[in-house]
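Let's take a walk through this one together. Have the sequence and the 3D view open side by side, and we'll go from the overall arrangement down to single residues.

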Number of protein chains: 2
Amino acid sequence: MPTISDVARLAKVSVATVSRFLNDSGYVGKKSREAIEKAIKELDYIPSEVARSLSTKQSDIIGLIIPDIKNPFFPELARAVEDTAFEYGYTVILCNSDENELKEKHYFQTLTNKYVAGIILTSIFDQGTNFKNLKIPIVALDRPLEIDIPTVTTNNIEGAKLATQFLIDKGATSLLCVGGPNAIRSSKLRIEGFREVIKEQTIKSYIIESPYDFETAETIIFDYLKSNPSVDGIFACSDASAIGALKAVHKLNMRVPEDIQIVGFDGIQMGKVVSPSLTTVAQNIYQLGQAAAKMLINQIEGKPLENTSVCIHPKLIERETTRKERT
Amino acid sequence: MPTISDVARLAKVSVATVSRFLNDSGYVGKKSREAIEKAIKELDYIPSEVARSLSTKQSDIIGLIIPDIKNPFFPELARAVEDTAFEYGYTVILCNSDENELKEKHYFQTLTNKYVAGIILTSIFDQGTNFKNLKIPIVALDRPLEIDIPTVTTNNIEGAKLATQFLIDKGATSLLCVGGPNAIRSSKLRIEGFREVIKEQTIKSYIIESPYDFETAETIIFDYLKSNPSVDGIFACSDASAIGALKAVHKLNMRVPEDIQIVGFDGIQMGKVVSPSLTTVAQNIYQLGQAAAKMLINQIEGKPLENTSVCIHPKLIERETTRKERT
DNA sequence: ACACAATGTGGTATCGGTTACATATTTCAT
DNA sequence: ATGAAATATGTAACCGATACCACATTGTGT
């Protein structure tokens with residue numbers, strides 16, 4: 001691996017001049033410029049990121065802390081972040097926090113110790129870590145953190161309203177809302193959206209809580225429906241629980257969407273693939289990740305942020321778990 | 001952030017002694033040791049990874065290059081790698097190559113430039129890059145590279161045989177094998193396994209090729225089945241195409257598993273979730289990733305590799321797309 | 001008691017860049 | 001013509017570690 005000194009020697013200039021050339025900082029004369037360009041080409045020189053980081057205390061690495069890449073929501077998000085990072089010349093370190101505060105803190109430690117340029121964080125701990133005295137840029141993704149930290153989220157209330165209203169429009173008269181874990185802000189907001197629509201209506205409604213995973217959701221919903229068979233519409237606050245609901249409903253020999261309609265939330269791939277395919281309020285996951293990455297990079301590069309927070313509109317995707325027409 | 005000099009000053013020793021202490025290299029007297037420990041605690045000192053990397057030309061970062069984290073096979077793999085890396089004090093950079101040689105090369109460049117400790121690679125390019133003259137450890141995952149590079153794969157032939165034999169045992173008499181892209185070695189091997197079982201039998205069989213994605217697979221299989229309705233068993237070389245097959249079969253109003261049975265390959269989450277749930281040859285994806293990470297770390301840390309390649313047995317998971325008993 | 005090994009410690013060059021500062025040359029308005 | 005400003009370039013300190021080498025001290029076998 002050639003170093004900056006090799007280039008300097010070959011181009012018969014000093015390392016300072018080469019450095020100035022590389023970073024486009026300060027003056028570099030035409031002759032030097034040409035000689036340096038030639039030398040770089042000849043040597044196949046690439047500046048050492050590590051040395052540069054040591055000097056500037058900033059690398060071209062972005063940390064991405066998410067609960068679990070296995071959770072079907074996150075691969076697409078990660079992909080969007082990585083694509084955007086790639087485009088701007090950054091590289092992504094992936095961290096699975098498991099919603100575990102200790103692990104999260106550990107990653108923060110590790111990442112800052114690597115002089116990462118910034119961190120994108122999906123965390124349920126809105127207060128725990130003290131993000132303010134951290135001097136590196138942070139963007140909160142999917143779940144808001146403290147007030148002054150830039151945030152990218154989907155408009156959860158709007159999405160929940162969309163789903164609920166849609167079920168009603170399609171003729172549902174007795175609605176079940178399957179909320180997510182209470183600790184997660186977005187889950188609360190989705191339930192809130194559901195409530196807001198319901199209170200203007202005169203239909204029966206129930207709200208239950210379930211973690212965001214298929215199996216548990218399936219069990220919980222199965223049990224619920226067994227004792228409350230009158231329910232004819234389910235709004236699940238995540239596609240995972242919606243899919244659990246779908247399985248539960250199947251087991252109960254109810255037909256979807258004839259006997260009971262289901263609308264999920266998230267828009268994960270899997271929704272397309274289940275039978276019947278899932279009507280859902282899709283978050284534009286890719287856009288979410290992209291927006292977060294862009295905001296972070298803007299901060300890193302000192303560009304002004306036009307918005308301190310971005311709220312992306314969800315979109316209802318009508319598939320097969322809801323009726324085609326009002327009955 | 002305190003530095004090693006701060007520690008040295010506080011402990012009234014030289015930086016060399018502190019360094020020796022930190023790396024457990026060379027002699028450090030008892031008194032110095034205690035003073036240093038105290039100083040480190042007092043200052044909350046953590047050695048700078050970046051400075052260390054510059055000096056040693058090795059970081060604690062592992063590069064993971066995969067085609068696409070959105071592909072449902074990879075999140076679990078990535079998770080396994082990350083978990084194992086975490087356990088041993090390493091950190092993972094995620095790279096999506098899109099099976100694109102240029103992108104792959106670029107990532108190699110970027111990663112080596114960061115002095116990564118090693119790279120785990122899922123690549124279809126078995127010759128392109130010259131891995132030999134690379135001085136950092138590499139492990140090939142899922143798809144073998146050149147001969148002398150440690151490799152972790154599933155026993156694809158065995159898995160394909162398992163699936164094919166199972167279909168036959170369950171009474172299928174006219175088999176369709178849906179292979180993956182020909183460029184992918186594992187796909188070839190799975191087709192080979194299928195062939196091996198078939199040639200000992202006297203049943204009809206067909207082989208078609210399809211990319212590993214739902215939509216395309218669905219279309220291709222739909223068209224095929226339309227003109228060949230006698231097929232009563234499908235072995236799909238990936239769960240993705242198996243799920244495509246499932247949808248295609250549904251559209252054709254054939255019942256699964258009564259009219260036609262389906263067995264997939266991979267064991268992705270989604271298989272559990274489709275209806276009917278997918279019988280499949282499951283790779284132990286987590287174990288795959290874990291084994292790869294461990295092999296890599298062993299290489300990095302100079303420990304001997306007992307095996308230059310690991311081949312993990314797949315396991316047939318019987319679910320609902322095959323019949324319960326032989327008909 | 002002496003030679004030699006083992007133990008303990010510090011000085012400092014080095015990794016490969018950045019950047020403040022000094023210095024030299026050119027440009028240009030007056 | 002001349003002094004200030006702009007342009008161009010080099011020297012060397014610095015980022016925060018590692019590691020080679022020199023040197024001092026202690027232990028030990030004969």
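Some housekeeping before we go on. This is a predicted model, where local features need pLDDT of at least 70 and side-chain atom pairs count only at pLDDT 80 or more, while totals for chains, interfaces and linings use all residues. Residues are numbered from 1 along each chain as its sequence is written, with chains lettered from A and ligands numbered from 1 in the order in which they are written.

Now the contact between the chains. Chain A puts in 31 residues and chain B puts in 31 residues, with contact meaning C-beta atoms, placed from the backbone, within 7 Å. On chain A's side, the elements giving two or more residues include α5 (74-87), β2 (91-96) and α6 (101-113); helices (H or I, at least four residues) and strands (E, at least two) are DSSP runs, numbered from the N terminus. By class, that side has 16 nonpolar, 8 polar and 7 charged residues (Ala, Val, Leu, Ile, Met, Phe, Trp, Tyr, Cys and Pro are nonpolar, Asp, Glu, Lys and Arg charged, the others, Gly among them, polar).

Look at β2 again: β2(A) and β2 of chain B run antiparallel, joined by 3 bridges (pairing takes at least two DSSP bridges). A:Ile93 has B:Ile93 as its bridge partner.

Next, the DNA. DNA strand C is surrounded by 31 residues, the closest being A:Ile4, A:Ser19, A:Ala51, B:Ala16 and B:Gly29; "near" here means a C-beta atom, placed from the backbone, within 6 Å. Which helix gives the most to this surface? That's α2(A), with 6 residues. The surface divides into 14 nonpolar, 13 polar and 4 charged residues.

Finally, chain A itself divides into domain 1 (4-47), domain 2 (61-154 + 286-313) and domain 3 (156-283), with bounds from an automatic or database domain assignment. The C-alpha centres of domains 2 and 3 of chain A lie 29 Å apart, and their contact takes 9 residues from domain 2 and 12 residues from domain 3.

Definitions and conventions:
Two residues are in contact if their C-beta atoms, placed from the backbone, lie within 7 Å.
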